[in-house]
Amino acid sequence: MSLIENLNWRHAVKAYDSNKKVSEEQLNKIIEAARLAPTSSGLQPFKLLVVKDQAIKEKLAEGALNPECMRDCSHVLIFAAWDKYTAERIDSVYDFTTDQRELPRGRFDSYTTKLKEIYLNQPSEMNFAHAARQTYIALGLALAQAAELRVDSTPAEGFSNEVVDRVLNLQQYGLKSVSLMYIGYADAENDWIAPMKKVRVPKEEFVLEF
Ligand SMILES: Cc1cc2nc3c(=O)[nH]c(=O)nc-3n(C[C@H](O)[C@H](O)[C@H](O)COP(=O)(O)O)c2cc1C
């Protein structure tokens, strides 16, 4: 199936069959798609939190717009971004990168000095917003990978960041939740949106040519 066919196949599922679980192999492919997402300056300023524990999902459901999805899906994949940028975080990414490439540490010093000049002189909320934007690229790729595997999913911002951050104690990791993705297998009887046509603005409206 082509990417376009997969994107036409998927929809934001509203009800999951709690008896059907995503295999570890498929889960790992979805995680890998998110991990391979490009990020600004290659900082990868976010983590992917994988929740399958039912008791934790029940707690997270308290703040969810789709509590039944939270409870019944197979796994919840939560994208959580760095709460702030620091010199240590930037250096750590670039040290890892140079080590992986067998280059001397400091090879990218002139670039990281500029990054620090920019980021460390602007409010941490602005940097969190920058990190948060990166997560959506990973979310998109993970949605596409799930579709290719014929794993159902729902991208979601309809949840309480306060509840998620508290239940998973994200502050201790220097993270704040941004978006999430339910994955699993739809409950065909209750997924009321499934029979509805996929609606997008036509290309003529979507594209402005210059
Ligand atoms: C960033 C983002 C956040 C979303 N949040 C929710 C949500 O909280 N609950 C929900 O049911 N759907 C949510 N959706 C799903 C959208 O409503 C859905 O993708 C859109 O209506 C297009 O439909 P389709 O994905 O089925 O093609 C979200 C989608 C995105 C991309």
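What share of the 210 residues in the protein chain is buried? Buried residues make up 42% of them, where buried means under 20% relative accessible area, exposed means over 50% and partly exposed lies in between, with a 1.4 Å probe and protein chains only. This is a predicted model, in which local features need pLDDT of at least 70, side-chain atom pairs count only at pLDDT 80 or more, and totals for chains, interfaces and linings use all residues. Residues are numbered from 1 along each chain as its sequence is written, and side-chain values use heavy atoms, with hydrogens and water left out.

**Overall layout**

- The protein chain holds nine helices and four strands. Helices (H or I, at least four residues) and strands (E, at least two) are DSSP runs, numbered from the N terminus.
- Along the sequence, the pattern reads α-α-β-α-α-β-α-α-α-β-α-β-α.
- The C-alpha atoms fill a box of roughly 55 × 50 × 35 Å, taken along the principal axes.
- Of the contacts with a separation of 6 or more, 81% join residues 24 or more positions apart. Contact means heavy atoms within 4.5 Å.

**Helix H2 against helix H7**

- Two packed helices are described by the angle between their axes and the distance between the axes.
- Helix H2 (residues 24-35) packs on helix H7 (residues 124-148) at an angle of about 150 degrees, and the axes are 7 Å apart. Axes are lines fitted to C-alpha atoms, for helices over the stretch in contact, and angles run from 0 to 180 degrees between N-to-C directions.
- H2 and H7 are therefore roughly antiparallel. Angles under 35 degrees count as roughly parallel, over 145 as roughly antiparallel, 65 to 115 as roughly perpendicular and the rest as oblique.
- The crossing of H2 and H7 is right-handed. A crossing is right-handed if the near helix is turned clockwise from the far one by less than a right angle, and left-handed if anticlockwise.
- H2 makes the contact through Lys 29, Ile 30, Ala 33 and Ala 34. H7 contributes Ala 138, Leu 141, Ala 142, Gln 145 and Ala 146.

**Helix H5 against helix H6**

- H5 and H6 pack at about 155 degrees, with axes 10 Å apart.
- That angle makes H5 roughly antiparallel to H6.
- H5 passes H6 in a right-handed crossing.
- On H5, the contact residues are Ala 87, Ile 90, Asp 91 and Tyr 94. On H6, they are Tyr 111, Thr 112, Leu 115, Lys 116 and Tyr 119.

**Aromatic rings**

- The model has five aromatic pairs. Rings of Phe, Tyr and Trp (its six-membered ring) pair if their centres lie within 6.5 Å; planes under 30 degrees apart count as stacked, over 60 as edge-to-face and the rest as tilted.
- Tyr 85 and Tyr 119 form an edge-to-face pair, 4.7 Å centre to centre, with 85 degrees between the planes.
- Tyr 85 lies in the loop between strand S2 (75-82) and helix H5 (87-100), and Tyr 119 in helix H6 (residues 109-119), so this pair ties together parts 34 residues apart in sequence.
- Tyr 85 is buried at 5% relative accessible area, and Tyr 119 is buried at 8%.
- The ring centres of Tyr 94 and Tyr 111 are 6.3 Å apart and the planes stand at 55 degrees, so the pair is tilted.
- Tyr 94 is in helix H5 and Tyr 111 in helix H6, so the pair ties together parts 17 residues apart in sequence.
- Tyr 94 is buried at 12% relative accessibility, whereas Tyr 111 is partly exposed at 39%.
- Trp 82, Tyr 85 and Tyr 119 form one aromatic cluster.
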